Amino acid sequence: MAKRVAELFVEILAAAGTERIYGVAGDSLNGITDSVRRRNGIEWVGLRHEETAAFAAGAEAALTGRLGVCAGSCGPGNLHLINGLYDAHRSRVPVLAIAAHIPSQEIGSGYFQETHPESLFKECSHFCELVSNPSQMPRTLEIAIQTALSKRGVSVVVLPGDVALMNTENDDRRVNFTFAPPHTVPRPEELDQLASELDRARRVTILAGAGCAGAHDQLIQLAAKLQAPIVHAMRGKEFVEYDNPYDVGMTGLLGFASGYHAMMNCETLLMLGTDFPYQQFYPKNARILQIDIRAEQLGRRSHLDLGLVGGIAETLSELLPRITQRTDRTYLEVCLSNYREARKGLDDLATGKPGQRPIHPQYVAKMLNEVAGPETIFTVDVGTPVIWAARYLAMNGRRRLLSSFNHGSMANALPQAIGAQISHPGRQVIALSGDGGFSMLMGDLLSLRQLNLPVKVIVFNNGSLGFVELEMKATGFLQHGTDLVNPDFAKIAEGAGVLGLHVDDPEGVRPALEQAIAHDGPVLVDIAVSRQELAMPPSLKLDQIIDFNLYLIRAILNGRGDEIIDLARTNLFR
Ligand SMILES: Cc1cc2nc3c(=O)[nH]c(=O)nc-3n(C[C@H](O)[C@H](O)[C@H](O)COP(=O)(O)OP(=O)(O)OC[C@H]3O[C@@H](n4cnc5c(N)ncnc54)[C@H](O)[C@@H]3O)c2cc1C
Ligand SMILES: Cc1ncc(C[n+]2csc(CCOP(=O)(O)OP(=O)(O)O)c2C)c(N)n1
Ligand SMILES: [Mg+2]
């Protein structure tokens, strides 16, 4: 029996396990939204901005491993998806975007709202095709889904509103979407070679990333055999750091001195499932060995002496019996002791005494870590919240940590929290937002009320684009264009039917966070935190230090001495 293309589309999505579509309704999407309305089992999640929809779908996909789906209407509607889609694509999580399109007979005429989605989304997708004829369905959609799942990333189906409403007799489904990634292991002789490299080396450091998800046991066993410290890249934190006696912290500009030194002083660096992007932080003289599931990743960030293609869990299982147990812990102990020192240094910054204002953001993050539950999903805005999360949120194998780590977009935390909460009802979801990031997609605060999502939004309100100020200082620019004149966000929340709490004294931080978590509904906690909080890189290069001094000199010359005192008060004298 003939059915509409849109109806078939939604049926195929349901067959692929889709439970919801995030989006903003629009004329060209009517076929899809109406088919969703008439079908049980798939929900339309209406949001205030399509970018939120794409981030939410990406968060759902990241947490479940299943396809996240979002939709935007023709022209500006689907264009708004793009930043969130870039994020999902670069994080390599499977997302399908439905880009509704102008009437098919108008394509190419410069029609109202016309864009060319196949060109626009090409760069942020593995697959991006137009359905111009009903008989392309369901095959085009099946290929799109299969591609997103197997290549991990975004697929876009461009669907003109009129084609969505056409009838089709065609329903020759081919795919059952039971995709499970294959086990991939390198050849035995390559594993032997890797084992002998590792056995020969004196000081081995492991750099572990997100590719170590599901490989915690093997990773720890390997470190134990090699007596090797484990440094993690940021996306690896949630999979690597917990229950790990070999953990020496993160490296990179936001990392720990101990992570930095363990990378720079090793003789052999073993990279496992990581694409840590900053070349300056790789050792120049060490031998570098790498395992990654994708061959094109090998040697992408550093010189490479041996690269193997394999999944980390299964490859380490094969590698372990080939490695000789070491007993010398000298190098490991030095790295661990550096780590204890770095950790203490960071903990000493996370203090808050009643009456002592402004509140240190580190203290907020530390308190949040203490009051949040063991299953919490944290979403973290790009900006200084990423720093506080990296340093003060402890993972345990069950907590999750999402941000826009690879794409680096602001305003990700609230949208990702929405996707996390909808797909995980009953689970605690906490967004760590910057005041800049939060206000960028603030419209979807309203969605927390509309969709009854008990997300807790913690706004680190420092009245500025703080991370950018930090970068300006580190590189010798005088800060400009970074001021934010903010309202009391708690009052805005109240106006939106969301419990709003405002805190401006350290004494109030913990009680407010506890109250927020105990509250059965959405909450926004607006916390006035210090603006001039230095997040020193683990090792400053001489030119960076000179530039930093230059900043101070320029600031004085410009008569902004008050700011330096502020810097000093919040950093040097505590
Ligand atoms: C403001 C800001 C500052 C940042 N500062 C830092 C910083 O100081 N330090 C830092 O570390 N990061 C930092 N980041 C994050 C950084 O940009 C990268 O996102 C992060 O370092 C990448 O972590 P990763 O290598 O674990 O993950 P990814 O980049 O996602 O790499 C994972 C790798 O694992 C591979 N893989 C996936 N699955 C498997 C498998 N099963 N088996 C084998 N391989 C697999 C993938 O092919 C990929 O190559 C910052 C981000 C922001 C937004
Ligand atoms: C969409 C987008 N615009 C601009 C940037 C550049 N940028 C990175 S961090 C940042 C400031 C973030 O400010 P805020 O959310 O207030 O967090 P803070 O660093 O102050 O804690 C900016 C502008 C970006 N990463 N993404
Ligand atoms: Mg800010």
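For the first exercise, a residue is called buried if its relative accessible area is under 20%, and exposed if that area is over 50%. The model is predicted.

**Exercise 1.** Determine whether Cys212 is buried or exposed, and state how many disulfides a search of the whole structure finds.

*Solution.* Begin with accessibility: Cys212 has a relative accessible area of 1%, and because this is under 20%, Cys212 counts as buried. Cys128, with a relative accessible area of 6%, is likewise buried, because this value too is under 20%. Turn next to the sulfur atoms, for which the cut-off is a distance within 2.5 Å. The search of the whole structure finds 0 disulfides. For Cys128 the nearest cysteine sulfur belongs to Cys124 and is 7.7 Å away, while for Cys212 the nearest is that of Cys266, 16 Å away.

**Exercise 2.** Describe the surroundings of ligand 1, asking which residues come nearest and which backbone atoms lie at polar distances from the ligand.

*Solution.* Second, classify the shell, which divides into 14 nonpolar, 13 polar and 4 charged residues. Third, examine the backbone: a nitrogen atom of the ligand is 2.7 Å from a polar backbone atom of Thr251, whereas oxygen atoms of the ligand are 2.9 Å from such an atom of Met234 and 2.9 Å from one of Phe405. Finally, consider the area: ligand 1 taken alone exposes 990 Å², of which the protein buries 88%.

Key:
Residues are numbered from 1 along each chain as its sequence is written. Chains are lettered from A and ligands numbered from 1 in the order in which they are written. This is a predicted model: local features need pLDDT of at least 70, side-chain atom pairs count only at pLDDT 80 or more; totals for chains, interfaces and linings use all residues. Side-chain values use heavy atoms; hydrogens and water are left out. Buried means under 20% relative accessible area, exposed over 50%, partly exposed in between (1.4 Å probe, protein chains only). A residue is near a molecule or strand if one of its heavy atoms lies within 4 Å of it. A polar contact is a pair of N or O atoms within 3.5 Å; within protein, one must be able to donate a hydrogen and the other to accept it, and residues adjacent in sequence count only if both atoms are side-chain atoms. Accessible areas come from the Shrake-Rupley method with a 1.4 Å probe; for residues, only the protein chains shown count as cover. Ala, Val, Leu, Ile, Met, Phe, Trp, Tyr, Cys and Pro count as nonpolar, Asp, Glu, Lys and Arg as charged, and the others, Gly among them, as polar.
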